[in-house]
Amino acid sequence: MSVHIAAQKGEIAKTVLQPGDPLRAKYIVENFMEDVRLVSQTRNIFYYTGLYKGREVSVGASGMGVPSIGIYSYELYTEYDVDTIIRIGTCGAYTPELKVFDVLNVENAASESTYAKFAWGIEEEILTHQGNVFSVINDTARNLSLDLKTTNIHTSDIFYRKNPGTPEIAVKHNCTAVEMEAFALFANAQYLGKNAATLLTVSDIIPTGEFISADMREKALTPMIELALETAISL
């Protein structure tokens, strides 16, 4: 057991899919996996381990924001010997060139967050995916005939802000979309020598106000979920 995860050693697989929402983790294992067991529910952050096409995969939530995924991904890497974490989430597009339902494979995450600097002494404001999982995702998408876009994204600590428009850091690093976790995941993986990737589904277009309705969201996320699972068993 770690401070925030109650699973026993050996109950979490080497590859973990990390949605932000605990109920999304539950949805994934109930609809895509077999022989699933709940291995942790501390703070109602659910972690499950089960089989996808006969291979063991774990799915568990990261919570929302840099501090939360910073905790959970660090404990997975260090306390449970996880090799690879694939974050799967949603994002808002800064540009109408992206469309709702688009699936993004994050090449780099730029952030104003001080997390990497004060946790690990990493000074850069833009961090890349770690290990080979980014490339495996791209190969798997081609095999699935899935239109996958690779891009830079902005990891923000702020959901609501006074000034509209695209923040300066996102313009500087050509970030097409914004989310709240990838930068911390990449920082932990870089420091620990682990593998990390982030897959995102575009849920809204900020300049136009277009968004995926609540009743369409689970269906909209299916291509990303299947891509992540297929990648997990290819590693």
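How are α1 and α7 oriented to each other? They are roughly perpendicular (a term for angles of 65 to 115 degrees), because helix α1 (residues 22–32) and helix α7 (residues 217–232) pack at an angle of about 70°. The model is predicted, so that local features need pLDDT of at least 70 and side-chain atom pairs count only at pLDDT 80 or more, whereas totals for chains, interfaces and linings use all residues. Residues are numbered from 1 along each chain as its sequence is written, and side-chain values use heavy atoms, with hydrogens and water left out.

**Helix α7 and its partners**

- The axes of α1 and α7 lie 11 Å apart, where axes are lines fitted to C-alpha atoms over the stretch in contact and angles run from 0 to 180 degrees between N-to-C directions.
- Arg 24, Tyr 27, Ile 28 and Phe 32 of α1 meet a set of α7 residues that includes Arg 217, Leu 221, Ile 225 and Leu 229, contact being heavy atoms within 4.5 Å.
- By class, this contact of α1 with α7 has 6 nonpolar, 1 polar and 4 charged residues, where Ala, Val, Leu, Ile, Met, Phe, Trp, Tyr, Cys and Pro count as nonpolar, Asp, Glu, Lys and Arg as charged, and the others, Gly among them, as polar.
- Helix α4 (residues 133–143) also packs with α7, their axes coming within 9 Å and crossing at roughly 115°.
- Val 133, Val 136, Ile 137, Thr 140 and Ala 141 in α4 meet Leu 227, Glu 230 and Thr 231 in α7, and the residues of this contact divide into 5 nonpolar, 2 polar and 1 charged.

**Helices α2 and α6**

- The axes of helix α2 (residues 66–79) and helix α6 (residues 182–192) come within 8 Å and cross at roughly 30°, and the two helices are therefore roughly parallel, a term for angles under 35 degrees.
- On the α2 side the contact includes Val 66, Ile 69 and Tyr 77, and on the α6 side it includes Ala 184, Leu 185 and Leu 192.
- The residues of the contact of α2 with α6 divide into 8 nonpolar, 4 polar and no charged.

**Largest pocket**

- The largest pocket has a volume of about 780 Å³, a pocket being an open set of points on a 1 Å grid where a 1.4 Å probe fits, with protein on both sides within 12 Å along at least five of seven lines.
- Its lining (residues with an atom within 4 Å of a point) holds 29 residues, of which Gly 92, Phe 159, Val 178, Glu 179 and Met 180 lie nearest the centre.
- Strand β5 (84–93) gives the most to this lining, with 6 residues.

Terms used: Grid points are joined across faces, edges and corners, and a volume is the space filled by probe spheres set on the points. Helices (H or I, at least four residues) and strands (E, at least two) are DSSP runs, numbered from the N terminus. Angles under 35 degrees count as roughly parallel, over 145 as roughly antiparallel, 65 to 115 as roughly perpendicular and the rest as oblique.
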